[in-house]
Structures are given as structure tokens and as C-alpha cells.
Amino acid sequence: MTKVIQVTRVPKDTGPAAWNAILEAATPYPQLDGDITADWVIVGGGFTGLAAARRLSQIASGDKIIVLEACGLAEGPAGRNSGFMIDLPHDLNSETYAGAADEDLKQIRLNRAAIDFTAQLAKDFGMSQQVFMGCGKVTGAASSRGEKHIQSYLQHIKALQEDYRLLDGAEMKALTGIDFYTQGLYTPGAAMIQPAAFIRQAARGLSKTVSIYENSPVIEMQLGADHLLKTPKGKVRTKNIILAVNGHIQSFGYFNKKLLHAFTYASMTRPLTPEEVERLGGEANWGVLPADPMGTTVRRVSNLMGSGDRLTVRNHFTLNQSLEVSQAQIQSAAKSHDKAFRARFPMLDTVPMEYRWGGRLCLSLNSVPAFGELEERVYSAACQNGLGTVKGTLSGMMAADLAANVDSAILREYMAYDPPSRLPPEPFLSVGANATMRWKEWLAGSEL
Ligand SMILES: Cc1cc2nc3c(=O)[nH]c(=O)nc-3n(C[C@H](O)[C@H](O)[C@H](O)COP(=O)(O)OP(=O)(O)OC[C@H]3O[C@@H](n4cnc5c(N)ncnc54)[C@H](O)[C@@H]3O)c2cc1C
């Protein structure tokens with residue numbers, strides 16, 4: 001019996017994927033055209049899809065592996081995120097990022113396995129320090145409220161026996177060049193990436209063993225003894241499918257009423273002039289996460305592949321169960337970005353933003369992945385709970401292991417997560433969640 005699944009929505013991203021736009025143009029991968037066969041088809045070319053492709057090329061070498069990406073690589077959330085690969089608990093649903101101790105220890109083990117996997121990939125594919133940097137992470141506070149958040153998080157990581165270093169205002173200024181932060185918390189296990197450069201270079205390295213197709217959205221699946229995937233111009237017949245589409249797993253008909261489609265927003269300046277770089281001071285590459293989860297993330301990147309020295313601010317969340325945001329929502333977030341930028345960088349107050357964008361996150365109420373075998377030889381690696389650089393990488397690795405029957409302690413630990421819990425009904429969900437987020441943003445005060 002063949003089961004036919006019509007894909008109800010293909011991704012639509014609003015605003016540019018700035019991290020990709022600032023790089024020199026990439027040589028595109030072909031669009032799928034005609035009928036082909038493969039041993040493995042991975043749907044989605046973000047962190048999850050490329051991690052699954054990499055893992056499969058290691059454990060099923062010689063098999064024909066295909067990645068089908070609906071848009072261009074690094075044009076979706078993979079080229080829109082702030083590039084923090086965080087090893088410690090980073091639960092966006094929580095007041096302080098942290099959760100229960102046992103769960104957090106498990107989370108740290110799993111996150112570190114994903115970061116190690118990425119570090120090895122970066123090494124094997126010759127990525128520079130600006131593309132993947134195992135530099136740890138800094139969380140910054142600018143008010144007594146922010147400092148309280150740092151103190152409470154600190155108690156938690158002390159209990160977990162994790163290394164840390166508290167930074168004072170002068171050390172924060174030496175890093176960033178600005179007087180804004182009064183305190184910082186450095187933890188060593190995280191990494192930072194230029195997300196679009198990372199995706200492009202990972203894909204280039206993988207393309208020796210994996211066939212990648214861009215602008216090839218899967219619009220229909222026929223599931224049977226052999227599965228058939230259809231794109232607008234082509235078809236692939238395969239035994240095994242890994243759906244690495246994050247929240248769009250719902251567009252394939254799975255996990256309905258179980259996933260939260262949150263969006264967050266960012267703005268990036270034009271390249272700073274040498275005189276502005278001088279005026280700013282501080283280090284050339286840095287990132288600061290907000291002590292309050294509703295606060296503003298800031299990154300400075302130095303020139304990479306023609307990108308110039310730039311600053312990026314990210315804040316504001318909305319819940320959009322339609323999986324799309326409007327240009328008006330980006331404009332509304334822009335006001336908050338400009339305010340955050342002016343508060344932090346008064347010496348650069350005439351520097352305009354060149355790019356503004358929004359991007360999808362997929363969360364579950366109980367902060368678990370939407371993972372597993374959905375149908376015979378059809379696997380889901382979705383719902384990365386806002387930390388897809390790490391949790392997506394992990395779920396891609398785990399989906400490949402599960403599908404290829406590779407048993408490991410880490411897979412068993414990963415499989416032990418509960419399934420995503422059911423959401424409250426609409427309109428209460430969207431109205432309630434958006435109102436709560438606005439209230440928490442207001443509470444964040446100068447941390448925003
Ligand atoms: C502004 C912003 C800042 C963020 N900062 C961070 C951060 O610092 N650290 C962090 O870890 N995370 C961050 N995130 C979240 C992170 O970007 C996501 O969690 C991550 O991209 C999810 O990875 P993924 O590969 O699972 O999904 P995606 O990156 O969404 O990739 C899925 C891919 O599937 C494709 N697809 C969907 N449907 C189809 C189809 N029908 N056919 C073919 N392809 C399809 C999509 O086009 C997409 O490219 C941020 C996100 C935003 C928007």
C-alpha cells in the first residue's frame with residue numbers, strides 16, 4: 001500500500017539571510033531535474049541535514065546520499081542565526097536558560113558531542129577560525145536585573161561543576177569596546193561560527209561524497225516498499241528518508257498541534273569604516289549573549305570573504321503558527337534593534353543597518369526534539385528548540401545512526417526523550433504566548 005503525503009507549505013523566509021548576503025557569491029548546486037534513485041534522501045540542507053549527510057557518509061560510505069534543499073543553502077534559518085554553538089543548558093522557555101540538574105547534565109553531554117562533531121568537520125574541511133571558533137561564550141549584563149540573572153545562572157553551573165570566569169565592566173569593555181556591560185560570565189565550552197560560511201564550506205566538503213540539490217522543495221512523498229519524493233522538476237526513488245526540515249515537519253503532516261513556531265529577528269550594519277573600527281575599539285571578533293533570555297544578542301565580525309567589519313543585534317520574539325512573518329513584523333523589530341544598537345554603540349550612532357531579517361525557530365512546550373521513525377524508513381530530525389547549530393547537528397547525527405542501525409550510548413540517551421507535548425488550543429496559544437513575550441521583553445528593561 002502506498003501512502004501519499006502532499007506537502008502543504010514550502011519555506012518562505014522574510015528579509016535577507018544577511019550572513020550569506022555579506023559573503024562573496026557562491027557557486028550554486030543544481031536543481032533536481034529528471035528521475036533519479038538514491039540509497040538515502042535527506043530533506044533540508046541546514047545544520048541538521050548536513051550533519052545527517054556527514055554522518056551517513058561516514059557510516060554508510062559507498063551509498064548514494066542526496067540532500068534536497070527547498071531554497072538556496074544558507075538562505076533559510078541556517079544563514080540567519082547568530083552562530084552561537086552553546087554547550088551549557090540554553091532553554092529559551094526558562095527564566096534563566098537552565099533546567100533541572102539531571103536533564104542539564106544530559107543536555108551538556110549531548111551538546112558537547114555535537115560541538116565535537118562540528119569541530120572535527122571544520123578541521124577536516126579546512127575551515128578558518130572566523131568560520132568555526134572554539135572560543136567559549138560570554139553572557140553580558142547591563143543592569144542589576146541582568147546581574148541577578150548571571151548570579152542565578154552561576155549558582156546553577158557551579159552545581160554542575162562547570163568552569164567559568166566572571167568578567168568585570170573593564171574586561172567587557174576590553175572585549176567589546178563599549179561601556180554598556182557592567183558584568184560578564186565567560187564559559188569555555190561553546191563555539192562561534194559564521195553560520196552561512198560554515199554551511200557553505202560544510203556543503204562544499206560534503207559534495208565530494210553527497211549530491212546536493214538547491215531550489216528543489218519536496219512537494220509530495222509516496223511511501224511504500226520504495227519511497228518516491230517529488231520536487232517541481234524531478235523525482236527521487238529511495239529506500240530511506242530523513243526529514244531535516246525543523247518546524248516544516250508539520251508541512252509534511254507530522255507533529256500537528258505539538259510544535260511552537262517562534263520567530264526571532266536581527267539587524268546588521270553596513271561595513272564599518274577603518275575610522276569607525278578605531279573609534280569602537282575592542283576585539284575584532286566577539287559575541288555577547290544577553291543575561292536575560294529576552295535581551296539582545298550582539299556580535300561583531302571582522303572581514304571574512306569580502307564581508308567587511310560589521311555589528312549585528314538580535315532581539316524580539318513572536319509566535320507565528322503560520323510559519324511565516326510579514327515585512328511589517330520585521331519593521332516593528334527594527335525599532336527595537338535600533339534602540340538596542342544606540343544604547344550600546346553611541347560612538348557609532350550614524351552607522352545605518354544594511355540588513356534586517358526574521359527567521360524561524362521550532363520549539364516544543366517540554367523542550368524536547370520531534371525525533372524518530374515516523375513511517376517505515378522515514379525519520380524525523382526536527383524541533384531544535386532554538387539551538388539548531390548544536391541540537392540540529394545532534395539530531396542529524398542521531399537520525400543517521402538510528403536509520404543505519406548504529407547503536408550507541410548517546411543514541412539511547414537521545415531516544416529517551418519524551419515526545420513533544422500537546423499545545424493549548426488556538427486562539428489562546430498565540431494570543432497568550434505573544435502577550436507573555438511582550439511582557440517579558442518589557443521586564444528585560446535595559447537588557448533589551
Ligand atoms: C535571528 C536568529 C538567531 C539565531 N541564533 C542562534 C544561535 O546563536 N545558535 C543556535 O544554535 N541557533 C540559533 N538560531 C536558531 C537556528 O537558526 C535554528 O535552530 C537552526 O537553523 C535549525 O536548524 P535545522 O537544520 O534543523 O533547520 P533549518 O536551518 O530551518 O533547515 C531546514 C531546511 O529545510 C528546508 N526545507 C523545509 N521544507 C522543505 C521541503 N519541503 N523540501 C526541501 N527542503 C525543505 C529549509 O529551506 C531549510 O533550509 C537562531 C535563529 C534566528 C532566526
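This is a predicted model: local features need pLDDT of at least 70, side-chain atom pairs count only at pLDDT 80 or more; totals for chains, interfaces and linings use all residues.

Me: What is found at the start of α5?

Reply: A polar contact is a pair of N or O atoms within 3.5 Å; within protein, one must be able to donate a hydrogen and the other to accept it, and residues adjacent in sequence count only if both atoms are side-chain atoms. At the start of α5, a side-chain oxygen of D168 comes within 3.1 Å of the backbone nitrogen of A170.

Me: Which residues of α5 are buried, and which are exposed?

Reply: An α-helix has 3.6 residues a turn, so residues three or four places apart point the same way. Buried means under 20% relative accessible area, exposed over 50%, and partly exposed in between (1.4 Å probe, protein chains only). In α5 (residues 169-176), the buried residues are M172, L175 and T176. Because they cover an arc of only 80 degrees around the axis (taken from the directions from the helix axis to the C-beta atoms), they are on the same side of α5. A170 and A174, on the other side, are exposed.

Me: What do the buried residues of α5 pack against?

Reply: Contact means heavy atoms within 4.5 Å. The partners are β6 (137-141), β7 (165-168), β8 (183-187), α7 (274-280) and β15 (286-290).

Me: How many residues surround the ligand?

Reply: A residue is near a molecule if one of its heavy atoms lies within 4 Å of it. There are 34 such residues, and the closest are T48, E69, F84, V218 and T389. A backbone N or O atom of F84 lies 2.8 Å from a ligand nitrogen, and a polar side-chain atom of Q384 lies 3.3 Å from a ligand oxygen.

Me: Where is T48, and is it buried or exposed?

Reply: T48 is in helix α2 (residues 47-59). T48 counts as buried because its relative accessibility is 8%. Its side chain makes a polar contact of 3.1 Å with that of Q384.

Terms used: Residues are numbered from 1 along each chain as its sequence is written. Side-chain values use heavy atoms; hydrogens and water are left out. Helices (H or I, at least four residues) and strands (E, at least two) are DSSP runs, numbered from the N terminus.
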